[in-house]
Amino acid sequence: MTEEILVADPQERFQNILKIVKYRQRLSQMAISGATSLIVDFEDALTTDSELAESIIEEPDEYLEHANRAALAQLRIEDPEYAERIEEVDVRFKGLPIATSLRTLGSIHIGKLVMVEGIIIRSTPARPMVTRAAFRCRRCGTVTYVEQSSPFLRTPVQCNDPACRRKGPFEFLQEESTFIDSQQIRIQERPEDLPPGQLPRWLNIRLEGRELVDLARPGDMVAIVGVVRAVAPTFPRAGKLRVFRMHLDANFIDVVSKEPETVIISPEEEEKILKLTKDPWVHRKVIQSIAPSIFGYDHIKESIMYLLFGGISKQLPDIRIRGDMNVLLIGDPGTAKSQLLQYVARIAPRGLYTAGRGSTAAGLTAAVLSVRGGGMTLEAGALVLADKGVACIDEIDKMRKEDRVAIHEAMEQHTVSVAKGGIVATLNARTAILAAANPALGRYEPYRTVAENISLPVTILSRFDLIFVLRDVPEKEMDAEMTKHILELHRTGIVPVEPPVPADLLRKYISYTKNLKPVLTGEALDRLKDFYLVMRSASETEGTPIAITARQLESLVRVAEARARVAYRKEILAEDAEAAISIMKRSLEEVGIDVSSHKIDIDIIMTGKPKSLRDKLQIVLGAIVEMERETGMVQRSALLEKLESEYEIVGPDAERLLGQLLKEGTIYSPTEGYLKKT
Ligand SMILES: Nc1ncnc2c1ncn2[C@@H]1O[C@H](COP(=O)(O)OP(=O)(O)OP(=O)(O)O)[C@@H](O)[C@H]1O
Ligand SMILES: [Mg+2]
Ligand SMILES: [Zn+2]
């Protein structure tokens, strides 16, 4: 009996699998799409002929050939004409029963068929690669063909013509050579598979053939079936290294959808979550559960809650509006910013923590790099890798200058476009961003504007929905409480206050609510509208031109949506709108309060100058112009006197304003002690 199976021709046994109706249909439809490959679900091989399936895994080089021939034989039955035309069919196997993790991939897998999963971090453009090169002998004109398999082009050893047999010279004939499309990509462990504190593992993948190249882009999650290879790198004089490098020759690529979260929620957990969502104190409880080891910062934790649950992105016929929020924390050293970010990266589904420079050459967005052996490769940066997740960017003010440009698009349109070195691509970066930055001057200076306090352009600042300032100022009562909290934490090694929602459940809770799309009720809408209009008109009547812009209105909606999601409500109620307004006010106040007039003024964020500062700058400039008209050149000391006596702008204030104008280049100093308008 076993005897019989062993002698049975593997090709015939394959063909038996392909007699399943599904494959007969697929084969007969190949001509329509001009396909040259047939996708076979590995499971069908397993159920029809498990022994054969085993052989495919163990000896793929031999058995894939059998499979290809079987497919061609079956195609001759289904569509003889097309079989005649294409002469070859590639069988691609989809979905091996288990995925081999990149972490365990090793020498035992060499030469075997495996399935690996990961996120694409790099890809070269698709390039033609010669598989059979034609050479013409310059002496006699005979054409010699050389099969190519190594990375370098091999020329004939000698001329094929028995009468010639000379060793060249030869001329490469492009038209008579055979090419296939090839591409190299690199995949990396998915952030969620990464053991804490470990560096991600990666693997290079070779894609050959029109039907494999350009299927996936950096940032895509993929499951790839292929044969593990090990190749020794060759060096010009020294020869081959004894340590081999692994890669995968791909047989099939499956781009895995990112939509469904990979979190499994048990019925008991679901019950717990639903019970929580009905709790009238649900928001408080979630806030208390966020980074419980960090003392205070309730408003920041509240914002983090909104960021984790997220608003709803809207796909309109013409535009797409992001639903994910961006939150920025600007703060003095040692105010637990990094700790908060690391916490969020752990708790958020698909969370990623990175420093502003990024952990790779691709930085935060993407980069085109030249690779060893020539050619270019596109590498995905942190925001692309965190697509559909949360990117926690520490020290965002230290990002690469290329990122400073590209991050504008990433933060609002959620894409990263690259056009460089022959690579043109648009990658997805649909992420919520939690960023932290240190003040440019070391400590936050409350008498300076946000833009003065942080070395980020206003155009980036205005893309944050909420901005908060963490200041390290001694405050007796708070200090006493915080000291107690921190010392207790160090003494016992446990959190002094037990979080109402354990971290593990919180993570599941967040994924659980992701599919809910709450809508604004009329009441909530009215609240938001009223607030917005009041803010707009207040500035109109009081002469402060812009108090709030459409960006803040969208932010308000996002916060309200997120708050409804936390309570797992289909409707956004007035209370959600009010909470959104109050956190927005808090953020505006922290960054936008005009210290001299105590009026909220979005101008600070938008232009980097509070309204009254701008007014004062205007006054100073006016005085300079006036004096110039009288005396030609403006003596600095005379100007300071005039400002103090006529406009009540005192010494240090005036110096600061002059400093600002000089820095901007509005005025300059032609000689020591004199000023002039440019
Ligand atoms: N409110 C707080 N509650 C508990 N621990 C705190 C608090 N503030 C600071 N710490 C502790 O202080 C230490 C410094 O925090 P962290 O490194 O996160 O500061 P940072 O704001 O990132 O500083 P830097 O700007 O210098 O990077 C941490 O060990 C943190 O736990
Ligand atoms: Mg830090
Ligand atoms: Zn010859």
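These exercises, each with a worked solution, cover the fold and the ligand site of one predicted protein model.

Residues are numbered from 1 along each chain as its sequence is written, and chains are lettered from A and ligands numbered from 1 in the order in which they are written. In this predicted model, local features need pLDDT of at least 70, side-chain atom pairs count only at pLDDT 80 or more, and totals for chains, interfaces and linings use all residues, while side-chain values use heavy atoms, with hydrogens and water left out.

**Exercise 1. Describe the chain as a whole.**

Step 1. Take the secondary structure. The chain has 24 helices and 27 strands. Helices (H or I, at least four residues) and strands (E, at least two) are DSSP runs, numbered from the N terminus.

Step 2. Take burial. Of the 678 residues in the chain, 47% are buried. Buried means under 20% relative accessible area, exposed over 50%, and partly exposed in between (1.4 Å probe, protein chains only).

Step 3. Take the surface. The chain exposes about 34,400 Å², and carbon and sulfur atoms supply 53% of that area. Accessible areas come from the Shrake-Rupley method with a 1.4 Å probe; for residues, only the protein chains shown count as cover.

Step 4. Take contact range. Consider contacts between residues at least 6 apart in sequence: 69% of them join residues at least 24 apart. A contact means heavy atoms within 4.5 Å.

**Exercise 2. Work out how the protein holds ligand 1 in this model.**

Step 1. List the neighbours. There are 15 residues around ligand 1, and F295, G334, K337, S338 and N438 come nearest. A residue is near a molecule or strand if one of its heavy atoms lies within 4 Å of it.

Step 2. Find the polar contacts (pairs of N or O atoms within 3.5 Å; within protein, one must be able to donate a hydrogen and the other to accept it, and residues adjacent in sequence count only if both atoms are side-chain atoms). K337 places a polar side-chain atom 2.7 Å from an oxygen atom of ligand 1. For S338, the distance from a polar side-chain atom to a ligand 1 oxygen is 2.6 Å. For N438, the corresponding distance is 2.7 Å.

Step 3. Check the cover. On its own, ligand 1 has 640 Å² of accessible area, and the protein covers 72% of it.

Step 4. Assign the shell to elements. Those giving two or more residues are α11 (337-347) and α16 (476-492). α11 gives the most, with three residues.

Step 5. Sort by class. The shell has seven nonpolar, six polar and two charged residues. Ala, Val, Leu, Ile, Met, Phe, Trp, Tyr, Cys and Pro count as nonpolar, Asp, Glu, Lys and Arg as charged, and the others, Gly among them, as polar.

**Exercise 3. Is V91 buried or exposed, and what does V91 touch?**

Step 1. Locate V91: strand β2 (residues 90-94).

Step 2. Read the accessibility. V91 has a relative accessible area of 4%, so V91 is buried.

Step 3. Leave out residues up to four places away in sequence. V91 then touches L38, V40, L64, A67, N68, A71 and N251.

Step 4. Repeat for D41, in strand β1 (residues 37-41). D41 counts as buried because its relative accessibility is 18%. Beyond four places in sequence, D41 is in contact with K22, Y23, R26 and K94.
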